[in-house]
Amino acid sequence: MPITMKRGTVDSLDEVVLAMGPWQDDEGSVQLHPGDLGWNWSLGTQELADALRVWRRDEEIVAVGMVDDAGLIRLAVAPSVDGDEAFARRLLADLAGIGIVETRRGAALRELLTGSGWVDDERWTPLRRDLTAPVEDVGLRVEVVDDHNVRDRVEVHRAMFPGSAFTLERWQTMAAASPYRQARCLVGYGPDGVAVATVTVWSAGEGRAGLIEPLGVHREHRGHGYGTAITRAAAAALREMGSSSATVCTPSSNVGGVAAYVSAGFQQLPDVADLRRPS
Ligand SMILES: CC(C)(COP(=O)(O)OP(=O)(O)OC[C@H]1O[C@@H](n2cnc3c(N)ncnc32)[C@H](O)[C@@H]1OP(=O)(O)O)[C@@H](O)C(=O)NCCC(=O)NCCS
């Protein structure tokens with residue numbers, strides 16, 4: 001059956017998000033998630049569409065890629081083509097202009113890329129927490145974000161990532177888009193009522209792996225257990241939304257991030273490297 005690749009369009013975004021949901025199972029590594037598209041939607045609908053590459057076999061979407069300005073593509077691959085060598089060759093042929101590939105599933109593609117001389121680039125640590133059992137007490141006052149506290153969410157976000165350009169307008173763009181119908185932002189408040197931590201969680205539907213993206217603690221409030229607390233709150237929210245597990249992937253160099261997730265009961269999975277085109 002023929003496989004075709006097309007750039008994303010504004011009209012196809014909802015269909016792409018829906019197609020990726022069932023690929024988020026509890027096995028193996030953590031790949032590009034509908035929530036990643038949801039988060040990037042904050043940059044603008046047209047911008048997200050321009051960044052997407054969509055592979056179809058006949059009409060069925062079988063892989064999705066999201067390209068950034070630096071020539072990196074993050075891929076999600078349907079389980080049905082994970083080990084398909086012909087598909088992997090076709091996908092590689094479509095990667096002209098791409099310098100780095102994030103493919104945490106797609107076994108056949110990883111094998112093809114490494115066999116073609118692509119080398120390890122940045123290493124990432126996937127983490128997963130099973131949500132069968134209830135999540136223990138969070139130990140922090142946590143609110144779901146809506147109009148009344150959205151400014152706290154934006155402010156904490158800007159204080160957790162240096163140079164962040166996140167704004168209220170970006171939050172509103174994200175919250176109005178289809179993936180956010182299965183998502184939630186949380187803000188955690190310290191004992192004096194000051195907002196100290198925030199997270200956005202994304203469900204991929206009932207019984208599927210949910211995603212944490214992003215999560216953090218205000219830089220002036222670190223080291224008091226708020227990282228562990230907001231991570232537990234994120235897991236509890238995903239459980240409430242029907243997710244089978246909570247997942248996240250952070251650069252392996254982010255020692256504090258990995259420690260906070262492990263401290264909140266996440267299992268650290270084997271590192272996986274992005275792959276860089278040979279020069
Ligand atoms: C990672 C982050 C959330 C930790 O927040 P925090 O409030 O300082 O974390 P906590 O006080 O709850 O500490 C949680 C655990 O992580 C450990 N930890 C936190 N920062 C650490 C660091 N820089 N190096 C090593 N361990 C660290 C703590 O010792 C603690 O471990 P323990 O429970 O075994 O004692 C915070 O540094 C942050 O917002 N970073 C920027 C955003 C980010 O990296 N987000 C996560 C990846 S998406």
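Trainee: What makes up the area buried between domain 1 and domain 2?

Mentor: About 2400 Å² is buried there, with carbon and sulfur atoms giving 65%. That's called buried because it is accessible area (1.4 Å probe) that the two parts lose on being put together, summed over both. Keep in mind that this is a predicted model, where local features need pLDDT of at least 70, side-chain atom pairs count only at pLDDT 80 or more, and totals for chains, interfaces and linings use all residues. Numbering runs from 1 along each chain as its sequence is written, and side-chain values use heavy atoms, with hydrogens and water left out.

Trainee: Where do the domains of the protein lie?

Mentor: Domain 1 spans 3-124 and domain 2 spans 129-272, with bounds from an automatic or database domain assignment. Their C-alpha centres sit 24 Å apart. In the contact (heavy atoms within 4.5 Å), domain 1 puts in 25 residues and domain 2 puts in 29.

Trainee: On to the ligand. Which residues are closest to the ligand?

Mentor: Leu215, Val217, Gly223, Gly225 and Asn254 are the closest of the 21 residues surrounding the ligand. A residue counts as near if one of its heavy atoms lies within 4 Å.

Trainee: Which helix gives the most to the shell around the ligand?

Mentor: Helix 9, with 7 residues. Strand 10 (209-217), helix 8 (226-240) and helix 9 (255-263) each supply at least two. These are DSSP runs numbered from the N terminus: helices are H or I with at least four residues, strands E with at least two.

Trainee: What makes the bond between glutamate 213 and proline 214 stand out?

Mentor: It's a cis peptide bond, with omega about -5 degrees, and proline 214 lies in strand 10. Most peptide bonds are trans, and most residues other than glycine have a negative phi. Aspartate 58 isn't a glycine, yet its phi is positive, about 50 degrees. Aspartate 58 sits in the loop between strand 2 (52-57) and strand 3 (60-67).
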